[in-house]
Amino acid sequence: MSVFLVHGFRWARNEIRIHVVLQEVDDAAPNNLMCGDSEEAMNENFRELYPGPMANLPPLRFIEPLNPNNEKFKYPSEPFAYVADVVVQSEDVIDVTEVMNTGIRAAQWDAMADLRDIIAKGEKIGWFVVHNGDRQLAQQERLKKDENGANGVENEADAIAGAEAVEAKYSKGLGEQVARLQVHAKYDGSSDMNEKADKKGGKFKKLFRGDSR
């Protein structure tokens with residue numbers, strides 16, 4: 001099992017799905033943002049949408065909590081992922097005090113707060129310990145750690161290979177999620193979100209019955 005110490009905030013899974021579909025981030029898997037080219041695709045999308053905050057941030061990581069023994073949520077998705085500007089990964093021990101004492105630059109913290117207010121308003125920004133029990137992911141993270149240095153601090157948004165799977169079928173909430181496209185009109189400046197919701201309805205139906213793309 002991999003353990004991640006991350007600085008960032010939680011991003012709700014349904015909000016991730018809405019964003020990926022609305023922005024047509026085709027290379028991102030909304031049920032597992034650590035999968036394939038998802039992180040690279042999301043960073044590229046964020047740089048296009050939010051150039052102000054992203055100019056003061058390193059490449060972001062999108063860290064997925066995963067407990068394979070948790071029957072409440074079907075692999076690989078939990079109800080949220082973590083958007084992080086600092087990530088330290090280990091399979092053993094992390095010196096939390098040492099990492100936290102390195103501090104976060106004021107401009108970087110402010111940029112994370114601005115990004116949080118856009119995509120996950122109301123979520124707390126802080127340090128979190130995240131467990132991920134994906135063995136294949138653990139192997140990939142070990143390789144990445146060796147490439148980036150012994151301290152394990154991830155400063156690149158390299159894609160992490162992993163198996164894509166799907167969540168259990170969502171029998172409720174599709175209409176509510178499509179309706180919330182109105183709230184996200186600012187993402188692309190469209191004034192006719194009803195038309196956009198109709199256009200995207202098919203993709204939402206696929207997502208909410210478990211398809212990952």
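The exercises below, each with a worked solution, concern a predicted model.

Residues are numbered from 1 along each chain as its sequence is written, and side-chain values use heavy atoms, with hydrogens and water left out. Because the model is predicted, local features need pLDDT of at least 70 and side-chain atom pairs count only at pLDDT 80 or more, whereas totals for chains, interfaces and linings use all residues.

**Exercise 1.** Work out in what order the strands of the open sheet lie, and which strands stand at its edges.

*Solution.* Begin with the elements themselves, which are DSSP runs numbered from the N terminus, helices being H or I with at least four residues and strands E with at least two. Two strands pair if DSSP finds at least two bridges between them, and the four strands then follow the order β2-β3-β1-β4 with antiparallel pairing. At the edges stand β2 (61-63) and β4 (126-132), each of which has a single partner strand, so one side of each is left without a neighbour in the sheet. From one strand to the next the twist averages 55°, where axes are lines fitted to C-alpha atoms, for helices over the stretch in contact, and angles run from 0 to 180 degrees between N-to-C directions.

**Exercise 2.** Find the bridges that tie β3 to β2 and to β1.

*Solution.* Take β2 to start with: three bridges join it to β3 (residues 80-90), and within β3 phenylalanine 62 has valine 83 as its bridge partner, while arginine 61 has alanine 84. Turning to β1, 10 bridges join that strand to β3, including the one that pairs phenylalanine 4 with glutamine 89.

**Exercise 3.** Determine how helices α1 and α2 lie against the sheet.

*Solution.* Helix α1 (residues 13-22) lies across β1 (2-12) and β3, running at about 70° to β1. Helix α2 (residues 38-49) touches β1 and β2, contact meaning heavy atoms within 4.5 Å, and its direction makes about 125° with that of β2. Among the buried residues of α2 are Met42 and Phe46, buried meaning under 20% relative accessible area with a 1.4 Å probe and protein chains only.

**Exercise 4.** Decide whether glutamate 64 is buried or exposed, and name the residue that its side chain joins by a polar contact.

*Solution.* Locate glutamate 64 in the loop between β2 and β3. Its relative accessible area is 1%, so glutamate 64 is buried. Its side chain joins that of arginine 13 through a polar contact of 2.5 Å, the term standing for a pair of N or O atoms within 3.5 Å, of which, within protein, one must be able to donate a hydrogen and the other to accept it, and residues adjacent in sequence count only if both atoms are side-chain atoms.

Technical notes
Buried means under 20% relative accessible area, exposed over 50%, partly exposed in between (1.4 Å probe, protein chains only).
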